[in-house]
Amino acid sequence: MSVAVRLPDLEHWKAQVKCQTGCPVATDAGRYVQLIAEGRPEEAFLVARAPNPFASVCGRVCAAPCEDACRRGSIDAPISIRALKRHVCEAYGVESIRPHTQDSLRTAPIEEGNRYLGHLPLLPRLPLLPRLPIVQPDRPFEALAASRPGAGRKAAVVGSGPAGLAAAHDLALLGYQVTVFEAADEPGGMMRFGIPEYRLPRTLLRAEIDKILGLGVELRLRTSLIPSYGLRELRAEGFEAFFLSVGVAKGRDLQVPGVELDGVVKAIDFLLNVNRGYRLDLGRRVVVVGGGFVAFDAARTALRLGQEEVGREEDARLKEALDSARAALRGGATEVTVVSLETFDEMPVLRTTQGHEEFEEAQKEGVQFLTRRGPLRFLGDGRLATVELRKVLSVFDAQGRFAPSYDDGDVTRLEADACILAIGQRPDLAFLRPDDGVELTPGGTIRVDPLTLATSASGIFAGGDVAFGPRNLIEAVANGKRAARSIHEHLSQGPGRNGARRSVVLDVEKIPTASYRMEAGFELFDREPPPTLDVGRRTGIAEVETGYGPDEARRQAARCLVCHVQTIYDPESCVLCGRCVDVCPEYCLALVPFDDLDLPEEERAALAVFAGSAEGGGLPLAAMIKDDERCIRCGLCAVRCPTDAMTMERFSITERWEEEIV
């Protein structure tokens, strides 16, 4: 019987840290979780902050794809990575009494975990440049700008959402003169106007933005780009490169009878008004059409304000519905029903750890759900009174494309004072002119190279929702960082510069077996969601989630399977006793005949030559194989080994840009 195997290489070791692989900005979540468990919260914060200028924001509202990738999730439940990030940010982030902790990352990396491209410090290794001084909190950052590779070059960022501000952050650290153009009267984009304050406090968001502006970024509020003041005019002002990150601020239209009635509103308009402080009279009975984060937020916001009176493309359309539902709970409603085309099993948002927990919180607050229904028409005399919903037969066609089909003969009627349509958003690109040369997709988004985010026009890049449609906040941040790198590469082309090359260093630390221990009972610890306010106290802008205390955080962090540590086998020391195989609680290890290995012939021949030269040749060969997916890094194999042939070793990977000046 053949056994399919592969020989581990660098990419294999990188893939073992699944949470980092799952994060769009490559945050080494596993390492900061481990540092929390070790009682080193400041270092944990620096690891979390190094790749992400919105670490504190993400600690509150990130969709946490890292948790969906977490190896522990395949055993019982993933590590509470997002909530643990919030825990260390509250101690050392912009919202803490130590807001300058992160400043050390501008000139010196944190010596923990895997450090990939895009992690601070961003400045490439330039042997001809003088060593940069340490940035002090009371020193303006502009003092360092002359030493940066982008010094004297101007870059424009259009839109101050997460993608735009992330790009501005990285470009400023590279020395560019960055100006952010924002149409609204406050920065933040949908972080400010789309996410309810009970999930993301405005003071925290503003502090994170101010930290970016403190790098020397200029912010021009109430400055919309329009056909008469667009990219051509910005070029005339000296801007050499552009990042378009205007988001998708317009709700999509629904073509059904009665959509024009008073009381039928788009989720994006509802959330924008609520988050600007305007009160909308929704009535008591609200229907939210959709099934994702935006719908949940709208429903919960509408209901929350109602309780106050009584007492005194993941699928972006579904996220929009989730946010809307939660917002509706705080906007005057006492009966909120979320209507979705999909069943619970089909909702992409419920396939994620964070989405499932948001769903449970919405249920606690009284949101009701009606699945496999879609709007047929809205009825009322000037104002909405009834929503007619038809049965959904299927949501996707045979090719997996979104193409719902209905049974118009199976109709359900819901009495409603208002209906919030959380059915997606679209961009407003009226400022683009034909001579800008920016090509659009059939869906109305900006066409970009997915690797560089370059548009069809030289020097113009785009990312975030305006390029890919509504997506997660952390994906927008990743787009901004990628665009900053692309702009830097674009503007760095010229005489005397070959560009940058990537250097990769793998460090391996052998951990003495006598000192390697996981916390007793770690495999039995359950995932515990962070504490939340009692449902009866969820009014106004009070934060629902309250966060872990120190003891809770360390216990949750101790659940981590420490994927940076690998089990390394030394055949020269092995006596083939099989004790490691016998003691493994997850049955990860096996000794098998070499002839049973299913390997490419070239690799098989090389291994045979190596083993033959080591043993003298002629003897039957055996191989130790391991299932890395099942290993929990308990270390029992190393403890059991009588010859130290099995050891636990920590792998750390560092990637950096090295620029060559010729």
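1. In this predicted model, helix α3 (residues 29-37) packs against helix α4 (residues 41-49) with an angle of about 170° and 8 Å between the axes. The angle is over 145°, so α3 counts as roughly antiparallel to α4.

2. On the α3 side the contact is formed by Arg31, Tyr32, Leu35 and Ile36, and on the α4 side by Pro41, Glu43, Ala44, Val47 and Ala48. Sorted by class, the residues in this contact are seven nonpolar, two charged and no polar.

3. Tyr32 also belongs to the largest nonpolar core, which has 96 residues; Tyr32, Val57 and Leu244 are those with the most contacts inside it. The helix that gives the most to this core is α17 (residues 473-492), with nine residues. Another core, of 19 residues, lies apart from it and includes Ala267, Val286, Ala333 and Val338.

4. His564 sits in the loop between α18 (550-557) and β18 (565-569). Is His564 buried or exposed? With a relative accessible area of 2%, which is under the 20% cut-off, His564 is buried.

5. The side chain of His564 makes a polar contact of 3.1 Å with the side chain of Gln34. Neighbours within four places in sequence aside, the residues in contact with His564 are Val17, Asp28, Gly30, Arg31, Gln34, Asn114, Glu649, Arg650 and Phe651. Arg31 from this list is also one of the α3 residues that make the contact with α4.

Definitions and conventions:
Residues numbered from 1 in each chain as written. Predicted model: local features only at pLDDT ≥ 70, side-chain atom pairs only at ≥ 80, totals over all residues. Heavy atoms only, no water. Axes fitted to C-alpha atoms, helices over the stretch in contact; angles between N-to-C directions. Helix = DSSP H or I, 4+ residues; strand = E, 2+ residues; numbered from the N terminus. Parallel < 35°, antiparallel > 145°, perpendicular 65-115°, else oblique. Contact = heavy atoms within 4.5 Å. Nonpolar A, V, L, I, M, F, W, Y, C, P; charged D, E, K, R; others polar. Core = buried A, V, L, I, M, F, W, Y, C linked by side-chain atoms within 4.5 Å. Buried < 20%, exposed > 50% of the residue type's maximum accessible area, 1.4 Å probe, protein only. Polar contact = N/O pair within 3.5 Å; in protein donor to acceptor, adjacent residues only side chain to side chain.
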